[in-house]
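Here is a short tour of a protein model, written for someone who likes to check geometry by eye. Keep the viewer open as you read.

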Amino acid sequence: MITITTTEALAEFCSRAAEHPYVTVDTEFLRERTYYSRLCLVQLAMPGDDDSDAVLVDPLAAGLSLDPLYDLLRNEDVVKVFHAARQDLEIFYVDAGLIPTPLFDTQVAAMVCGHGDQVGYETLVRKIARAPLDKSSRFTDWSRRPLTEAQKKYAIGDVTYLRRIYEELAAELEETGRGPWVEEELATLMDPATYRVEPEDAWLRVKTRTNSGRFLAVVKELARFREGYAQSRNLPRNRVYKDDALLELASTKPADMKDLGRSRLLLREARRGEIAEGILAAVKAGLDMPADKMPKVPATGREKLQVNPALADLLRVLLKARSEDTKVAQKLIASAADLDLLAAGERDVPALKGWRAEVFGQDAIRLCEGRIALAAKGQSVRVVEV
């Protein structure tokens with residue numbers, strides 16, 4: 001098993017990989033004690049069965065530059081194959097400002113090809129590669145050196161079996177013509193905005209039960225300070241203060257250090273120094289915010305929906321039938337929220353766009369308009385023209 005620890009060796013491997021149509025990629029990282037993921041290992045494999053076709057790259061090795069890898073990830077002649085790529089892509093975007101292209105995610109492809117919703121890598125290895133996968137090293141400390149043989153074996157398996165999985169899924173997509181479906185699903189993963197967290201918008205992730213403008217103004221300022229502080233210090237946001245402490249502060253609105261000391265939920269470290277000063281400044285900024293600048297909970301319109309429950313049930317039956325016909329996971333075709341929106345007369349719904357419209361959306365509209373009905377036939381459901 002080859003472990004690359006020098007820039008020269010990495011450049012040589014990436015040069016060979018660039019001559020192939022695809023390369024499989026995976027990473028191991030740690031994030032428990034940092035805001036941004038700490039890259040600890042990169043696994044790469046080219047097409048083939050030889051051991052030299054797969055390597056481990058040690059980004060923690062002294063003097064190693066990942067520039068040759070980044071050049072490969074930018075190479076548009078080589079497909080970069082991942083499984084459940086979201087976190088891997090975030091690492092590359094944060095570290096190098098790049099999103100590998102062209103991209104193939106076997107988890108997305110597997111859902112389109114009928115292997116279930118958010119199917120795991122281990123399941124695909126068992127079903128497609130016909131091999132067992134030892135996951136015992138999954139949650140080990142990948143920053144410690146030297147890596148154990150068990151860690152290395154686990155890590156390399158994440159890209160060697162991925163070759164077989166990719167080739168079979170890509171062939172199935174070619175045969176069924178569903179390649180464009182996967183491309184639609186990858187659009188979010190390919191969007192840089194997916195990996196940017198703006199402190200200004202951090203409050204939107206804080207769950208609160210009140211819509212009071214003044215309360216939300218304080219929540220927004222506290223969340224903004226926390227996010228900016230966590231990013232600048234590379235700390236998990238919960239190490240600054242947790243959501244429950246944030247909401248407590250927004251309710252009590254401390255004006256000075258004495259008030260801050262009465263908090264039940266605030267960590268000890270947050271009761272003094274820069275964090276404490278930042279909290280007090282954020283609370284004051286929220287209280288001083290002009291009324292016309294106060295945030296509002298984004299309106300979904302669902303609170304006022306007049307959902308026809310019988311129609312919603314029929315749409316669920318249609319969705320199940322279409323899922324079985326196409327062997328595509330129901331959740332990928334339409335969410336429960338989509339069905340309720342449709343049953344309430346809404347038409348700006350994801351299930352009515354792109355490939356989903358062909359699979360489900362067009363018939364869903366016809367069902368809502370009374371132009372088709374559903375009939376049971378044995379164990380299946382069929383559409384009947386009205």
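## A buried serine

Serine 137 counts as buried because its relative accessibility is 7%, where buried means under 20% relative accessible area, exposed over 50% and partly exposed in between (1.4 Å probe, protein chains only). You will find serine 137 in the loop between helix 5 (121-129) and helix 6 (149-176); helices (H or I, at least four residues) and strands (E, at least two) are DSSP runs, numbered from the N terminus. Beyond the neighbours within four places in sequence, serine 137 is in contact with Trp142, Ala150, Gln151 and Tyr154, contact being heavy atoms within 4.5 Å.

This is a predicted model, in which local features need pLDDT of at least 70 and side-chain atom pairs count only at pLDDT 80 or more, while totals for chains, interfaces and linings use all residues. Residues are numbered from 1 along each chain as its sequence is written, and side-chain values use heavy atoms, with hydrogens and water left out.

## Two cis prolines

Most residues other than glycine have a negative phi, and most peptide bonds are trans. The loop between helix 5 and helix 6 also holds proline 146, which is joined to arginine 145 by a cis peptide bond with omega about 0°. Another cis bond runs from threonine 101 to proline 102, with omega near -10°. Proline 102 sits in the loop between helix 3 and strand 6 (103-105).

## Helix 2 against helix 3

The axes of helix 2 (residues 67-74) and helix 3 (residues 86-96) come within 12 Å and cross at roughly 115°; axes are lines fitted to C-alpha atoms, for helices over the stretch in contact, and angles run from 0 to 180 degrees between N-to-C directions. Helix 2 contributes Leu69, Tyr70, Leu73 and Arg74 to the contact, and helix 3 contributes Phe92, Asp95 and Ala96.

## The HRDC span

UniProt, in an unreviewed entry, places the feature "domain: HRDC" at residues 212-293; such annotations may be inferred rather than shown by experiment. The span is 67% helix and 0% strand, and its end C-alpha atoms lie 13 Å apart.

Helix 8 (residues 213-233) is followed by asparagine 234, with a positive phi near 55°. Asparagine 234 lies in the loop between helix 8 and helix 9 (237-240) and is partly exposed, at 29% relative accessible area.
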